[in-house]
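Hi everyone, thanks for coming. Today I would like to walk you through one structure, so please take a look at it with me.

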Amino acid sequence: MEVDEDTYREFYKTKRRQKYLEERSVKNGDFSYDMLTTNDFNGEDILVDEMADTCEKAVSRIMLGRLRQALLLLAEDEQRFILEFSTKNDQSGRLQRNMEFRRQQYISAKIEF
């Protein structure tokens with residue numbers, strides 16, 4: 001197929017530039033995640049942000065603060081029960097017997113935020 005001289009020069013100029021970029025990448029040790037892309041897998045999918053989402057952190061801190069405030073509203077024996085339960089990971093039935101909770105005292109309090 002015949003082409004004019006400008007088209008010919010432009011084609012080989014582009015081809016040489018691409019080769020130069022590839023040579024420079026090899027020399028510098030560049031790596032492209034696009035090279036891992038196949039029909040079944042996107043190479044960029046292996047890039048995962050392992051840092052927790054800032055919004056999640058903020059919500060967790062706010063909820064933790066509200067939980068601390070709510071715990072202060074409980075009676076001393078209820079606070080002690082929750083502390084023992086959370087630190088020992090014990091079953092609630094056993095702790096209830098140990099602390100002699102009556103069934104009427106062992107109810108959930110609803111706290112509005």
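Let me begin with a term: helices (H or I, at least four residues) and strands (E, at least two) are DSSP runs, numbered from the N terminus. By that definition, the protein has 4 helices and 0 strands. Read from the N terminus, the order of elements is α-α-α-α.

A word on where this comes from. What you see is a predicted model, in which local features need pLDDT of at least 70, side-chain atom pairs count only at pLDDT 80 or more, and totals for chains, interfaces and linings use all residues. Residues are numbered from 1 along each chain as its sequence is written, and side-chain values use heavy atoms, with hydrogens and water left out.

Now the overall picture. I will call a residue buried under 20% relative accessible area, exposed over 50%, and partly exposed in between, with a 1.4 Å probe and protein chains only. Of the protein's 113 residues, 8% count as buried. The accessible area is about 11,100 Å², and carbon and sulfur atoms supply 51% of it; such areas come from the Shrake-Rupley method with a 1.4 Å probe, and for residues only the protein chains shown count as cover. As for contacts, meaning heavy atoms within 4.5 Å, take those with a separation of 6 or more: residues 24 or more positions apart account for 17% of them.

Let's zoom in on helix H1, residues 5-28. H1 has 24 residues and spans 34 Å from its first C-alpha to its last, close to the 34 Å expected at 1.5 Å a residue. That expected span is 1.5 Å times one less than the number of residues. After H1 comes Gly 29, with a positive phi near 75 degrees.

Next, the aromatic rings. Rings of Phe, Tyr and Trp (its six-membered ring) pair if their centres lie within 6.5 Å; planes under 30 degrees apart count as stacked, over 60 as edge-to-face and the rest as tilted. How many aromatic pairs does the structure hold? There are 2 aromatic pairs. In one, the ring centres of Tyr 8 and Tyr 12 are 4.8 Å apart and the planes are at 55 degrees, so this pair is tilted. Tyr 8 and Tyr 12 are 4 residues apart in helix H1, about one helical turn. Phe 11 and Tyr 12 make an edge-to-face pair, 5.0 Å centre to centre with 90 degrees between the planes. Together, Tyr 8, Phe 11 and Tyr 12 form one aromatic cluster. Each has a partly exposed label: Tyr 8 at 47% relative accessibility, Phe 11 at 48% and Tyr 12 at 40%.

On to charges. A salt bridge here is a side-chain nitrogen of Lys or Arg within 4 Å of a carboxyl oxygen of Asp or Glu, and the structure holds 2 of them. One joins Arg 9 and Glu 5 at 2.6 Å, N to O. Arg 9 and Glu 5 sit 4 residues apart in helix H1, about one helical turn, and both are exposed. Why does that spacing matter? An α-helix has 3.6 residues a turn, so residues three or four places apart point the same way. The other bridge links Glu 23 and Arg 16 at 3.7 Å, N to O. Glu 23 is partly exposed at 38%, as is Arg 16 at 44%.
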